[in-house]
Each structure stands twice: as structure tokens, then as C-alpha cells.
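Open the model in your viewer and follow the stops below in order. Each stop says what to select and what is there.

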Amino acid sequence: MQSGKIILRGIVQGVGFRPFVYAAAAAHGIVGTVINHGSEVEIDAWGEQFDAFCSAVSKGPKMSVIDSVDVLPLEGEAPENFSILPSKDGARSGFVPADIATCAHCLEDVLNPESRYYGYWATSCTDCGPRYSVIHTVPYDRERTAMQEFPKCAACEADYTNPENRRHHAQTIACEECGPKLFLLDGEGNAVSGDPIEETAKLLDDGEILAIRGIGGFHIACIESAAEKLKQVL
Ligand SMILES: [Zn+2]
Ligand SMILES: [Zn+2]
């Protein structure tokens, strides 16, 4: 049986790398482990299809940028299965990925009345969502992001731990039940009642200028006819 330790560097965290490796291991009959080590991804792999597995993981998930792949000899016994291990601190030389716009699959969920993500503004998955805006440091895990303040509900935990789910190991997973909430404040900082998105749309239509805070910081928003007023305010 072939084996090896595969070390990947580049933008390899926050891009769904570990669930991607997990799926590749299942597809190639590989046993072993994957771990975020510092800013790297480290895979210990054993299996007859090691070479095919190695070239599969070397391509990385679509949001990754791989700078280098090293394959080293591996010591020790092969485990019974493949697992994602808790991250370890280590060298930090990689880059943090940018925030990634909501993907088509997540948009489908947001617009689907049958989905538990229906209408939830911060829906994300391993392919999309905030990264740069929320990451405090690497290794990339929820507890080292702004999402640490929002413990997962049981339903999100179930999606997170299910290898068949596309939110398997998605660190920014959240829903209406457990995730960040939207609210609207007036110029004095007082809460405005009503649905924040609908009320914001009404205010914009009325020519008001709003600061919308989301992933990526604040966005100043107004309709075109209010642009002159905005210029005076700035
Ligand atoms: Zn998504
Ligand atoms: Zn939830």
C-alpha cells in the first residue's frame, strides 16, 4: 500500500479544502487524516490509489490557490478510516482568502421557501461567504473568526458534520436560528421597527442615505437622485 504526507501551501484555508480532501479520500479509498497546520493543509494518506488521490487534492477546491505541494515519506500505521483532525498552530505564511459572494446554490436556498435558509441574509457554504472580513487568524476555524459569537444550532451542526452535505465543515455556516441578525438604526442609533431589509428599501426610495454593514465592511447606499445630497454629506 502506498502512503505519503502531502503538504499544501497557498490560499488553502477558508476555501473548503478539508471537506474537499475528505470527499477525494472517499472517492479513492484513502485512509488517513487532514489537518489545518498553521496556514498549511497537511494530509497523511494511505491507499492503493495514492497517486490519483495526490493529483486530485493537488488541484484543490475551486476557490483555492496552490503555491506548492510537497509529498514526504510517512511513518506509522494506517488508521481505519479518513478523518478531519482539529487544527494545530504552526507556521503562518499563507494568505487569507477574500470574502466570496453568495454562490448560486446558496442563493437557491435563500429563495426557496422549503429551505431552512429561506430569506436568511447570511447564508453561506464552503464555496462562499465571508472570509477576510471575519478571520482573526489562522488556522481557519470558526473559533478564530467573528462567527465564534454565534454557536451553531442543532440543525446547522447536523449540516456541518454531514460529509454528504455541501456545508460539511463550512466554518461560517449560520441560519436565522443561530446566526447574525440584521437590524436598522436611525441617525441617533435608535432601533427602527419593522423588517430591516424592507424598511431600508423604503428609506432608500425616499432618498435617504444609509450605511449598510455586511461582509466586507460598510457600504454607503442611496438612489441616484440622492447622489447630490450624498456629496454634500461626505
Ligand atoms: Zn454558497
Ligand atoms: Zn443554525
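Start with the zinc ion (ligand 1): its protein donors (N, O and S atoms within 2.8 Å of the metal, or 3.2 Å for Na, K and Ca; water is not among the atoms, so sites may look incomplete) are the SG atoms of Cys-103, Cys-106, Cys-125 and Cys-128, lying 2.3 Å from the ion. The four donor atoms subtend angles of 103 to 117°, so the arrangement is tetrahedral (four donors with all angles between 85 and 135 degrees). Along the chain these donors follow the spacing C-x2-C-x18-C-x2-C. Cys-106 in helix H3 and Cys-128 in the loop between H3 and H4 link distant parts of the chain, 22 residues apart; helices are DSSP runs of H or I, at least four residues, numbered from the N terminus. Cys-106 and Cys-128 are both buried (under 20% relative accessible area, 1.4 Å probe, protein chains only).

This is a predicted model: local features need pLDDT of at least 70, side-chain atom pairs count only at pLDDT 80 or more, and totals for chains, interfaces and linings use all residues. Residues are numbered from 1 along each chain as its sequence is written, chains are lettered from A and ligands numbered from 1 in the order in which they are written, and side-chain values use heavy atoms, with hydrogens and water left out.

Next, select the zinc ion (ligand 2). Cys-153, Cys-156, Cys-175 and Cys-178 donate through SG, lying 2.3 Å from the ion. Angles of 102 to 116° make this arrangement tetrahedral. Cys-175 is buried, with a relative accessible area of 3%.

Finally, select Cys-54, which counts as buried at 12% relative accessibility.

Key:
Tetrahedral: all angles 85-135°; square planar, octahedral: opposite > 155°, others 65-115°. Buried < 20%, exposed > 50% of the residue type's maximum accessible area, 1.4 Å probe, protein only. Helix = DSSP H or I, 4+ residues; strand = E, 2+ residues; numbered from the N terminus.
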